[in-house]
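Please read them alongside the structure.

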Amino acid sequence: MNSVKQHIENLRKELRDHNFKYYVLDSATISDYDFDLKLKELQNLEAKHPEYFDANSPTQRVGGEVTKNFETIPHENRMYSLDNSYSKEDLQDWEVRIKKIVEGDINYTCELKYDGASISLTYENGKLVKALTRGDGFQGDNVTANVKTIKSVPLQLKGDFPPKFDIRGEIVLPFDGFNKMNEDRIEIGEEPYRNPRNTASGSLKLQDSSEVAKRPLECLLYNLTGTNLGVKTQFESLEKARQWGFKVPEAAKLVSSIDQVLEFIDYWNEERHKLPYETDGVVIKVNNLQQQEELGYTAKAPRWAIAYKFKAEQVSTKLESITYQVGRTGAITPVANLVPVELAGTTVKRASLHNADQIAKLDIREGDVVYVEKGGEIIPKILGVDMTKRPANSQSTNYITYCPECKTELIRQEGEAQHYCPNYNGCNPQVIGRIQHFISRKAMDIEGLGGETVALLVNEGLISNYSDLYELTKEQVIPLERMAEKSADNLIEGIKKSKTIPFERVLYALGIRYVGETVAKKLAKYFKSIDVLAKATIDELINVDEIGIRIAESVVAFFLSEDNSFMINRLKQFGVQLEMSAEELIGKTNILEGQSIVISGVFESISRNELKKLIEDNGGKVSSSISSKTSYIVAGENMGPSKKEKAINLSIDLISEYEFLQKLDKKHNFIDKK
Ligand code: AMP
Ligand code: ZN
C-alpha cells in the first residue's frame, strides 16, 4: 500500500476509535480540538485523493447528502411489533403459554424498552450498507444518509463480526439535547417540540442530512437478525454486538424466573428517571435462541418476547392559580401553578397549559384538583380535572384579553393557537427579551453585558431598544447596581467590539420572527445588504431556497415598521455591519441560484472540495445523487458507469470541469495553479 493511502487509513481508524470511545463508551481520550485537527487533516487528504473515497469514512458523518423522497425497501427479515403486558398476572400467563410449547428451563433476558424510532441496520463485511425505518414491518424507508450522521452508529465494525447481518435498535434523542433544541426554537419564536420520541423519528425524515448531523441523536441496539451469527442466546448476542462497536445499554440482565423479571421491573420503574433518555417499559425475551425458534411468531409479534409497559406516573394536586407569561415575541403562555407534588423523581410546581383552547377543552379552573403526568415532555402536563373534587363556588376560566404586563388588548391570528401582545415597543418583556436576544452569544455576542443588566438598563430608562446600546456611556452605567469601574469599561468595550460582527449574525440578532440562525445566513448570502433585503417583495423572498411564505411575510412586516427602519438607520450610523464585507463578497455570486449540481469522477485542475465550494459560493446546491431535478453533472475522469447510465436515461447534461469553470469565468485561477 502506498504511504498516502496508508496514512488515510490510519487516520480513519484512529478517528473511528475516538468516536467509539466518545459516543459509545462515553469516555474520551482526546480533546475536541485535537480530534478536529485530525478530522481536518483527513478531509484535506481525501479531497486531494478522491481515488481513495470511502462512503464510510469518519468524514462522512457531517452529512450533506439531500434526500428528496425516501425510497421504500423491503426488510429482509420482518420487523415485528411486541405484545404488551401490564401486570404480574399478564407475565405469569405468558410464561404458562410458552411453557406449553417449549421443553426445559427457560431463562429470560430483561431489557429496557427505549422510546424512540425503531431502525434496522444492515452490515456487510463490517460496513454499514443500509438503514431502514420500521415502516409497516414488511418494508421501511431508506434513511441511510441520515443515520450515518449519528455518531454512535459504527460505520465500520471491529472484531469477529459475521459477514452479513441486520441489527435492530432504537434511535433516541436524549433529554439534554432535546431541551437544548427547544431552547433554540423558543429563542427564534418557534413552538417547542412536544416530546423526544416524535422529534427523533421526525429527524430521520429530514431531507438534509447535515441538519440531522446537528441533532444529538443516539442509537441503542437490542437485536441481531440473520443466519450463522455464531451466538446461542440473546444475552450473548448483546455482548457480541457491544464488542463489535455498537452501543448496547448495560441495563440488560439475564434472569431465570418471572419473579426475578418482576424485580428488574420494580428496580427500573424508579431508576429509569435517572437515565439520560426516555424509556417506557421493559422487554422480556426468552434467552435461548433455539427456544425462540420453537416458539415462533403470531401474525403480529414474536411469542418469545413480551413488553411490560411502565405506568406513566400520574399524581393529582391542586391547581392554585393560572398565570400568563409574555415571551420575547409577545406570545402568551398560560402556566398552571400547582401545590408542589412529587412526580417521577422531581418536585412539580408548575405545568404548561399551552393555550386558550387547551384550557377550554379540559375546562380547567383555578381551585380544581388536576391530574398531572410526566411523560416524554420535560414540562409536566395536565391531563384533566377530578370533577368529584370541584369546589361548589368554582368559576370557569376566562382567558385573559389584555396583556398582563402592559395591558394592551391581545390578538390571535387566524389559525394560530397562541394569543399575542401586539405592543411591540411598549411591552417590557418583549422589549427586554429582544435586547437580550440581540446581545446573546450566537447573535452580537456582547461580552460584559448579561441578561439581567439589560433588564436594569431598560427599567432605569437608559435604553429602550438595541440601537440605544451604542450610545451608552460609562458615566451612565456606573451608578447601576453591582457595576464597578472595571465592569463598566468592559461593557462599553464589548458593545464597541460588536460592531465587527458579520452581517449574517446581525441579521439574526435583529430578532425578526422566524428568522433563526440558518435563515439569517441564507438571507444574508442572497441579498447581501440590509437595504436590498428591506426592499425585497414577498415573491422575491420565497424565491430564495428554503424560504417559505411565513418567513417572507414576517420579513416584509418587519421592514414596513417605521420604528424598525429608524432603528436600523441608527445601527448603520453607529457602524454596525449591515452588509456583507468586501472580503465575504469575494468570489460570491448568484449565477447558479436554483441549480442542483452533481459532481462525479476525478478532476484535473481542481479538487472535489474546491468544486463544491465554488458551486455553493455561486448560489448553487451540490447534490450527491442524480435525479430528474439535477441541472447538470460536472463529470471528471472515471465517472461510475451506473451514474453515467442514469444521466443518459434522464437526459441530463454532462459537462467537463473546464466548461464549468468557464461558466463562472474562473478558468484562469484554477488552470494556472496546475
Ligand atoms: P410497540 O411499538 O409498542 O409495538 O413496541 C415494539 C417496539 O419496541 C419495537 O418495534 C422496538 O422499536 C421497540 N423497542 C424498544 N426497546 C426494545 C428492546 N429492548 N427490545 C425490543 N424492542 C424494543
Ligand atoms: Zn404586553
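1. Which residues in α20 meet which residues in α21? F558, F559 and L560 in α20 meet E562, N564, S565 and I568 in α21, where contact means heavy atoms within 4.5 Å. The contact residues divide into four nonpolar, two polar and one charged. Here Ala, Val, Leu, Ile, Met, Phe, Trp, Tyr, Cys and Pro count as nonpolar, Asp, Glu, Lys and Arg as charged, and the others, Gly among them, as polar.

2. On the basis of these notes: this is a predicted model, in which local features need pLDDT of at least 70 and side-chain atom pairs count only at pLDDT 80 or more, while totals for chains, interfaces and linings use all residues. Residues are numbered from 1 along each chain as its sequence is written, chains are lettered from A and ligands numbered from 1 in the order in which they are written, and side-chain values use heavy atoms, with hydrogens and water left out.

3. The axes of α20 (residues 549-560) and α21 (residues 562-574) come within 5 Å and cross at roughly 75°. Axes are lines fitted to C-alpha atoms, for helices over the stretch in contact, and angles run from 0 to 180 degrees between N-to-C directions. The two helices are therefore roughly perpendicular to each other, a term that covers 65 to 115 degrees. Helices (H or I, at least four residues) and strands (E, at least two) are DSSP runs, numbered from the N terminus.

4. The zinc ion (ligand 2) is coordinated by the SG atoms of C403, C406, C421 and C427, at 2.2 to 2.3 Å. Donors are N, O and S atoms within 2.8 Å of the metal (3.2 Å for Na, K and Ca). Their spacing along the chain is C-x2-C-x14-C-x5-C. C406 and C421 both lie in the loop between β16 (381-385) and α12 (428-439), so the pair ties together parts that are 15 residues apart in sequence.

5. C421 is buried, with a relative accessible area of 3%; buried means under 20% and exposed over 50%, with a 1.4 Å probe and protein chains only.

6. N19 is found in α1 (residues 3-24) and is buried at 7% relative accessible area. Leaving aside neighbours within four places in sequence, N19 is in contact with V24, F35, P58 and R61.

7. T227, in the loop between β8 (218-225) and α8 (234-244), is exposed, with a relative accessible area of 62%.

Technical notes:
Parallel < 35°, antiparallel > 145°, perpendicular 65-115°, else oblique.
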